Amino acid sequence: MRVVIVPCLADNYTYLIHQEGRREAVVVDPADAGPVLAALETHGLELVAILDTHHHWDHVGANEELCQRFGGLPVYGHASDAGRIPMLNQKLAHDDRFEVAGLSFSALHVPGHTSGALAYVTGDAVFTGDTLFVAGCGRLFEGTPAQMYESLNDKLGALPEATRVYSGHEYTQANLRFALSVEPDNQAVRAKADRVAALRARGEPSVPSTVGEEKATNPFLRCESTAIRQKVAGAATPVDVLARLRALKDDFQ
Ligand code: ZN
Ligand code: FE
């Protein structure tokens with residue numbers, strides 16, 4: 001299985017996934033048709049399905065154009081996003097499995113950023129949209145801290161540590177600055193900030209991360225950390241810690 005990273009818009013990542021040696025590819029979160037069509041051409045791939053992590057325009061913006069161009073594509077998303085994801089015709093629920101382009105996928109329902117947010121797992125990779133970012137998480141637009149806690153820690157955090165994490169935006173350097181502000185002595189965060197600074201200086205993406213790296217560096221997966229608990233003094237439960245962290249991050253410059 002091979003993942004082609006397609007930068008779109010200002011800081012979005014769209015992904016093409018295909019089996020080595022096969023032309024059929026699926027696209028995750030097509031924001032903008034132009035870069036997707038160019039990447040298909042460059043890699044000699046043929047689009048056979050669209051997978052959407054959630055309904056926001058910067059993840060579904062090219063659905064209609066790609067469906068028109070390729071004709072009758074299956075479009076996957078959470079069933080509750082019918083009417084919000086354009087052309088949605090393959091309605092998924094938590095733990096649903098499907099096969100497309102010779103690849104096996106499972107869908108995880110990960111509400112928090114939006115009520116219908118999904119992550120897609122295939123092979124040793126997970127596509128997390130705006131739920132889990134490298135060193136961060138999405139804003140709570142339609143979900144509660146408890147939902148986001150469960151999505152990040154109990155669902156995504158339960159995947160094998162080597163699972164590669166492909167997220168929906170390049171927000172990593174800002175996220176790591178916040179991570180250091182709440183856990184200044186975390187050496188894994190410092191080391192990751194150095195690695196990511198070098199990648200970004202060369203114009204390379206910070207994705208993929210791994211589930212193991214996220215558990216070591218991402219404050220939203222570290223709500224039990226002593227340093228973080230002290231930082232948000234007064235938070236009684238791990239869910240309270242996540243709520244306080246998310247509120248701090250909303251105001252962090
Ligand atoms: Zn979003
Ligand atoms: Fe987004």
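**Entry 1: the iron site**

Which residues coordinate the iron ion (ligand 2)? I found Asp58 (OD), His59 (NE2), Asp130 (OD) and His169 (NE2), at 2.1 to 2.4 Å. For my own record, a donor is an N, O or S atom within 2.8 Å of the metal (3.2 Å for Na, K and Ca), and sites may look incomplete because water is not among the atoms.

A note on what I am looking at: this is a predicted model, where local features need pLDDT of at least 70 and side-chain atom pairs count only at pLDDT 80 or more, while totals for chains, interfaces and linings use all residues. Residues are numbered from 1 along each chain as its sequence is written, chains are lettered from A and ligands numbered from 1 in the order written, and side-chain values use heavy atoms, with hydrogens and water left out.

I checked the geometry next. The 4 donor atoms of the iron ion (ligand 2) make angles of 82 to 171°, and the site comes out irregular. The rule I used: four donors are tetrahedral if all angles lie between 85 and 135 degrees; four are square planar and six octahedral if opposite donors are over 155 degrees apart and all others between 65 and 115; anything else is irregular. Along the chain, the iron donors follow D-H-x70-D-x38-H.

Aspartate 58 and histidine 59 are both buried, where buried means under 20% relative accessible area, exposed over 50%, and partly exposed in between (1.4 Å probe, protein chains only).

**Entry 2: the zinc site**

Which residues hold the zinc ion (ligand 1)? His54 (NE2), His56 (ND1), His113 (NE2) and Asp130 (OD) coordinate the zinc ion, at 2.2 to 2.3 Å. I get angles of 88 to 171° among the 4 donor atoms of the zinc ion (ligand 1), so by the rule above this site is irregular. The donor spacing for zinc reads H-x1-H-x56-H-x16-D.

Aspartate 130 bridges the zinc ion (ligand 1) and the iron ion (ligand 2), and the two metals lie 3.3 Å apart. Helices (H or I, at least four residues) and strands (E, at least two) are DSSP runs, numbered from the N terminus. Histidine 54 is buried at 1% relative accessible area, and aspartate 130 also counts as buried, at 4%.

I went through the backbone angles. Valine 207 and proline 208 are joined by a cis peptide bond, with omega about -5°. Proline 208 sits in the loop between helix H6 (187–201) and strand E14 (209–210).

Leucine 9 is not a glycine, yet its phi is positive, near 50°. I find leucine 9 in the loop between strand E1 (2–8) and strand E2 (12–18), partly exposed at 40% relative accessibility. Aspartate 29 also has a positive phi, about 55°, without being a glycine. Its loop runs between strand E3 (24–28) and helix H1 (33–43), and aspartate 29 is buried, with a relative accessible area of 2%.

**Entry 3: the sheet**

I traced an open sheet of 6 strands in the order E7-E8-E9-E10-E13-E14, with mixed pairing. Strand E7 (97–100) and E14 are the edges, each pairing on one side only. Two strands count as paired if DSSP finds at least two bridges between them. E10 and strand E13 (residues 164–167) pair in the parallel sense over 4 bridges, and valine 126 stands opposite valine 165 in E13.

How many cavities of 30 Å³ or more does the structure hold? I count 1. On a 1 Å grid over the protein atoms alone, a cavity is a set of points where a 1.4 Å probe fits but cannot get out; a pocket is an open set with protein on both sides within 12 Å along at least five of seven lines; lining residues have an atom within 4 Å of a point. Grid points are joined across faces, edges and corners, and a volume is the space filled by probe spheres set on the points.

The largest cavity holds about 30 Å³, and its lining includes Asp29, Phe127 and Tyr166. E10 gives the largest share of that lining, 3 residues.

The largest pocket has about 400 Å³ of space. Its lining has 19 residues, with Arg139, Tyr171, Asn175, Arg246 and Lys249 nearest the centre.
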